[in-house]
Amino acid sequence: MEVKNNRKPTIYFIVIVLTLSYLLAGAYYLLFPEKDKISFTIMAIVYMFMPFVSALVVDKLIMKRENLKSWSINFKPNKWFLAAWPAVIIFVFFAMALNILWPGISFSPNMDGFWERMAQDFTPEQIEMQKIQLKMLPLPYWLVLILQALIAGFTINAVAGFGEESAWRGFMVKEYRHLNFWDAAMRIGIVWGIWHAPLILMGHNYPEHPLIGVGMMTIWCLLVSPLFLYVRLKTKSVIAASIMHGTINASAAIAIVYLAGGNDLTLGITGFSGFIALLIVIGLMIFYDLKLAKHPITNRTIAGE
C-alpha cells in the first residue's frame, strides 16, 4: 500500500519541539541557578509534555486536522500490554545481572554502593534515618521497589510518559507510516535522544559525565526505540507505549540499588551494560517476529500494519 509522504508536518514538529523544550530548559537554567531536586523535577515533568504540545500545535493549528485518531490513543488492552508493563521489570533485572559481570561492579545485598552514592546528597544522619525506615518496611525492599514501579508505571508515570509518547509513538509513527520499521524506529530514536540533551547537560541520568551523557542518551534512545515501536504497533496503542515509558522510568532504580562500584556510564539500564541488555532483547524480538510471529512487522512498512 502506497502512502503519500508529506515531510512538512515532521519538520514543523521537530523544529517546534526542540525550540519549546530548549527554551524551557534554558529559562529554568537561568532562573534556578541552584537546580534543587524539587524544582528540577517539576521542570522535567513540564518538559515531558512539550512533545505533546508541539504535536498538537502541528496537527490542530498548522495542518488543521480534524481529530487525533491517527495517534492511536487506544485503551483497549491485549496480551502485548504485558510487554509494556511487567516485562519491563524482567528487563531491568536482566540489565542488573549484566551489570554484575562488568569489571569493577559487584552485587551488594546490603546496598553499600547505594548508600555510598546517597552520601553525595544527604548527611550521615539522614542516611541513617533512611536505613531505619527501610528496616521497618513490612516487605523486602526489592519487592517494595517492584510494586512501586508497577503501580507508578501504570498510573502517574504513564500520564507523564504520555506527554512524550503521544508524539514519539503517536504523531511521529503516523508521519513515518510510509517508512519501514527500522527506518522509522531510528529516526524517532535520534529526535528523541537529541530532545533529551538539555536535561542531560543539567545532570539528569549522567551527573558525572553530562557531556558524554548526551551521546549516551542518544544511543540509548536509538536502542530502545525499536522495542517501543514494536509494542506500539502490536498493541495499536500509544497508551501501551506510555505505560512502558512510565514503567521504565519508575523501575530504573532497581537496576542500581543493589550494585556497588561503577559510575553513571556503566551502571543501570542507561549504562553500557544496559546497552548490551537492549541489544540482546532486540535480537530476541527479531527472532520472535521473523520466526515465530504469525504476522511479522519488522520486515515491512508501518503502513502495512
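Predicted model: local features only at pLDDT ≥ 70, side-chain atom pairs only at ≥ 80, totals over all residues.
1. Aromatic pairs. The model contains 19 aromatic pairs. In one of them, the ring centres of F13 and F171 lie 5.1 Å apart with the planes at 45°, so this pair is classed as tilted. F13 belongs to helix α1 (residues 8-31) and F171 to helix α9 (residues 156-175), so their contact ties together parts that are 158 residues apart in sequence. Both F13 and F171 are buried.

2. A stacked pair. The rings of W102 and F272 have centres 5.9 Å apart and planes at 20°; because planes under 30 degrees apart count as stacked, the pair W102 and F272 is stacked. W102 sits in the loop between α5 (86-101) and β1 (105-107), while F272 is part of helix α15 (residues 272-292), so the pair joins parts that are 170 residues apart in sequence.

3. W102 is partly exposed, having a relative accessible area of 28%. F272 is likewise partly exposed, and its relative accessible area is 33%.

4. A cluster of rings. F13 and F171 also belong to a cluster linked by ring pairs. Its members are F13, Y47, W168, F171 and W195.

5. Arginine over aromatic rings. R169 is placed over the face of W192, at 4.3 Å from the ring centre. The ring of Y176 has the charged end of R187 over it, 5.8 Å from the ring's centre.

Definitions and conventions
Residues numbered from 1 in each chain as written. Heavy atoms only, no water. Phe/Tyr/Trp six-rings, centres within 6.5 Å; stacked < 30°, edge-to-face > 60°. Helix = DSSP H or I, 4+ residues; strand = E, 2+ residues; numbered from the N terminus. Buried < 20%, exposed > 50% of the residue type's maximum accessible area, 1.4 Å probe, protein only. Lys NZ or Arg CZ within 6 Å of the ring centre and 35° of its normal.
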